[in-house]
Amino acid sequence: MKRNTLTLLAAGVIAASSWIPVAQAEDSMYMPSMTYRTGPFAGGGTPFADGYADYFNMLNERDGGINGVKIVVDECETAYNTQKGVECYESTKGNGALAYSPLSTGITLALIPKAPVDQIPVFSMGYGLSAAAAGEQFPWAFVYPASYWSQLSSILKYIDSNGGIEGKKIGFIYLDVGYGKEPIPLLDQLSESMGFSVAKFPVGVKEMQNQGSQWLNVRKERPDWMIMWGWGAMNPTAIKEAAKIRFPLDRFIGNWWAGSHSDLKAVGESGKGYLAANFSGIGQDFGAVQDILKYVVNEGKSKVGSPDDVGNVLYNRGMFNAVVLAEAIKVAQDTTGKTIIDGADMRDGLEAINLDQARLTELGLEGFTGDVQGSCSDHEGNGSIFIQQWSGSDWEKISDLIPPMTDVVRPMLEEAAESYVSDKPDWKGQACS
Amino acid sequence: MLYREAGQFKTSYAADQAMLPILQDRIGILVILLVAFVGIPVFATDFFMGSIMIPFLVFALAAVGLNILTGYAGQLSLGTGAFMGVGAYSCYKITTLFPDTNIIIAILLSGVFSAIIGVIFGLPSLRIKGLYLAITTLAAQFFLEWCFIRIGWLYNYNDSGAIEVPQRKIFDIAVTGASATPMVRYLVIVSIVAVLSLVAANVLRGRIGRSWMMIRDMDIAAELMGIRPLYAKLSAFAFSSYYCGVAGALMVFMWLGSAEVEAFDINHSFLVLFMVIIGGMGSILGCFLGAAFIWVLPIVMRGLPSLMGLDILAATTEHITNIVIGVLIIFFLIVEPHGLARLWQIGKEKLRSWPFPYASS
């Protein structure tokens with residue numbers, strides 16, 4: 001009897017597997033989505049993945065795709081794990097993938113060398129390798145709308161315009177991995193030229209939720225401002241600790257991965273006043289977001305938990321990721337004249353992207369972000385950031401757009417790019433005139 | 001009927017002491033090697049080689065390393081991930097300091113550094129045993145991770161803090177780096193793993209391996225019979241760490257292409273430990289079975305829904321996979337606490353008497 005069931009089961013599996021549906025209609029393009037809806041960082045990964053998928057689905061529903069070609073969004077679960085991410089990449093790259101947004105520094109670093117070989121661009125939006133902003137050395141990697149270094153320079157400008165930075169002491173609390181350490185060279189350099197001092201407080205991955213000793217040191221050092229490069233459980237813990245030692249929260253600025261709704265919901269009222277950098281607009285008051293609600297969420301075609309989650313910080317950022325990719329597809333279609341493009345066309349499209357305010361308004365994203373304009377040599381698009389503040393229950397935008405200090409950051413980015421390729425004799429850059 | 005050694009007479013001591021005394025086993029191994037070296041490279045897709053076979057072989061090698069220490073010498077270790085990291089970082093340093101070194105030599109050499117570190121952290125094993133030793137190896141794990149983050153020299157002070165694999169060629173064929181084809185990388189890795197497994201199997205059934213097993217089974221008795229615990233335990237640590245180090249170097253250079261510290265964290269150590277436990281402590285075959293179970297099975301399960309034409313969310317598949325693998329681990333540990341290798345052994349014994357079993361056990 002038992003054997004019979006097993007045989008039946010096996011026969012069923014074989015029968016089912018022989019019937020492979022045509023997953024892709026001929027007039028569609030394939031867009032992989034690396035997500036982490038599981039694992040320790042799922043709280044941040046889920047809204048991002050929802051925003052990403054919903055925007056493409058909205059285009060499919062509202063406009064019938066981009067220039068009439070539907071976009072097939074295929075999710076692959078990485079759980080923020082580099083090994084799974086690489087496996088995702090290898091298993092989906094053959095499906096005609098147009099671009100990868102790995103959503104993890106580790107996966108980005110693993111994919112950057114593969115991109116030129118497989119001819120599929122890597123779009124790490126505001127994360128990954130800062131040096132990838134130098135398009136001459138990294139033809140296949142993009143970090144629109146700004147690299148980590150540009151972001152830090154904008155944050156420092158904000159501090160400077162709020163009471164001056166000269167002679168002040170800046171505390172820098174960071175996750176003690178590659179991601180958190182990346183801005184340190186720039187911080188050290190700017191501390192000399194702008195005349196402030198720096199105190200660094202590393203937080204190990206295992207101490208993310210136990211930062212008592214770091215904040216004891218903060219109390220000892222008495223910095224005037226604090227800047228945080230955190231992620232996941234580190235963020236709410238740090239804000240709670242800061243509130244506990246009565247550090248003025250309106251002088252505590254998180255980077256754009258330390259300022260989402262999921263970070264601050266856990267803190268609530270006691271996090272009132274906390275600041276964070278951001279580059280993607282907040283809330284549902286954008287035409288594109290309203291269209292997503294109308295065509296996707298209210299139709300029950302979204303995975304988002306409740307319609308209220310649409311418009312939160314990470315949802316909108318995931319959506320913006322899709323906006324940039326969709327725009328690049330459109331640019332590539334317009335310049336090549338093809339409706340179905342490949343990875344190489346996509347790369348050209350990403351490079352020629354020009355999201356100015358007029359175009360953003362057309363897309364229903366007026367004032368959503370600063371102008372993003374790519375070029376052969378500029379793969380971070382010279383985007384700007386703004387500062388937002390936690391009101392105790394929601395984020396509010398409190399500053400205008402702050403452009404980065406390109407004059408300082410750009411030479412450092414180029415230097416970093418040079419050193420990245422220096423030990424790779426066969427690395428292929430591109431010549432930009 | 002097919003699997004029976006009746007009629008296979010040994011006429012010399014050498015034949016009697018052979019690693020595989022039964023003809024059918026020798027044929028079996030030959031078939032496996034033929035499939036691994038010829039069949040897979042000729043017929044398999046790039047994805048199968050690059051994302052299934054290469055990680056599987058890397059983990060199998062790491063599991064062999066841990067099994068030497070834990071399964072054969074009885075010293076519980078939670079530092080596998082860090083020892084793999086030592087191998088990866090030393091290989092990176094070797095190949096960037098001496099770019100002309102043959103990359104395979106660099107990989108094999110990097111295990112030596114790992115072995116040295118392993119011996120140093122193995123010293124406490126002379127005084128402490130069991131779970132207490134596990135805690136000191138845990139200290140090794142955390143200390144080495146700290147080194148990988150804090151000592152900039154190890155990653156050549158680059159801004160990302162990660163090690164990036166440079167391209168290296170042998171006879172003008174790219175072996176590492178992004179342009180190395182999965183087939184080349186697979187062939188390199190399968191050769192290294194085959195040779196090292198053969199070495200391990202022979203060391204384990206020789207004098208050194210037997211001394212490890214004596215230490216494992218009863219260290220006082222072993223000492224009374226003339227085994228020096230110092231040499232036995234430290235050589236087990238050295239051998240084990242060498243294998244883990246080579247596996248770590250292969251993981252970064254032949255598979256991932258770049259690695260941050262998180263690639264060698266404590267979860268990684270647990271993963272390899274689970275492979276050893278599921279596969280079977282004290283069995284080389286078990287290492288391969290355990291690695292296949294823990295690494296390959298989830299990939300197959302993740303691919304099933306789309307293969308069957310079901311439209312299930314990727315995250316849901318991931319949750320289901322985690323649940324099923326967890327349940328299977330518990331199931332196997334209840335049904336056969338000695339691991340998959342023991343199941344295979346039972347199967348072989350049954351096969352010997354098939355189709356006329358004389359005992360009803």
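Okay, let's start with one residue: A:Y274 sits in the loop between α11 (261-265) and β9 (275-278) of chain A. Helices here are DSSP runs of H or I with at least four residues, strands are runs of E with at least two, and both are numbered from the N terminus. Is A:Y274 buried or exposed? Buried, because 30 other C-beta atoms lie within 10 Å. The cut-offs are these: 20 or more other C-beta atoms within 10 Å of a residue's own makes it buried, 12 or fewer makes it exposed, anything in between is partly exposed, and the C-beta atoms are placed from the backbone.

Which residues does A:Y274 touch, once we leave aside neighbours within four places in sequence? They are A:I239, A:L249, A:F252, A:L264 and A:W390. Contact here means that the C-beta atoms of two residues, placed from the backbone, lie within 7 Å. As for A:P411, 137 residues away along the chain, its C-alpha atom is separated from that of A:Y274 by 32 Å.

A quick word on what you're looking at. This is a predicted model, where local features need pLDDT of at least 70, side-chain atom pairs count only at pLDDT 80 or more, and totals for chains, interfaces and linings use all residues. Residues are numbered from 1 along each chain as its sequence is written, while chains are lettered from A and ligands numbered from 1 in the order in which they are written.

Now, zooming out. Chain A has 16 helices and 13 strands, and 57% of its 433 residues count as buried. Its C-alpha atoms fill a box of roughly 70 × 65 × 45 Å along the principal axes. The radius of gyration is 22 Å, which agrees with the value near 22 Å for a compact globule of 433 residues; it is taken over C-alpha atoms, and the globule rule is 2.2 Å times the number of residues to the power 0.38. Of the contacts with a separation of 6 or more, 69% are between residues 24 or more positions apart.

On to domains, whose bounds come from an automatic or database assignment. Chain A gets domain 1 (28-146 + 283-383) and domain 2 (148-278 + 387-408). Their C-alpha centres lie 27 Å apart, and 15 residues of domain 1 are in contact with 18 residues of domain 2. On the domain 1 side, α2 (42-63) and α13 (313-336) each supply at least two residues, and α2(A) has the largest share with 3.

Most residues other than glycine have a negative phi, and most peptide bonds are trans. Well, the bond from A:Y144 to A:P145 is cis, with omega near 0°, and A:P145 is in the loop between β4 (141-142) and α6 (148-161). A:Y80 has a positive phi, near 60°, and lies in the loop between β2 (70-77) and α3 (82-92). A:L103 also has a positive phi, about 60°, in the loop between α3 and α4 (105-111).

Last stop, the partner chain. How many residues of chain A are in contact with chain B? It's 39, against 32 residues of chain B. Elements giving two or more residues to the chain A side include α1 (2-18), β2 and α16 (406-422), while α3(A) gives the most, with 6.
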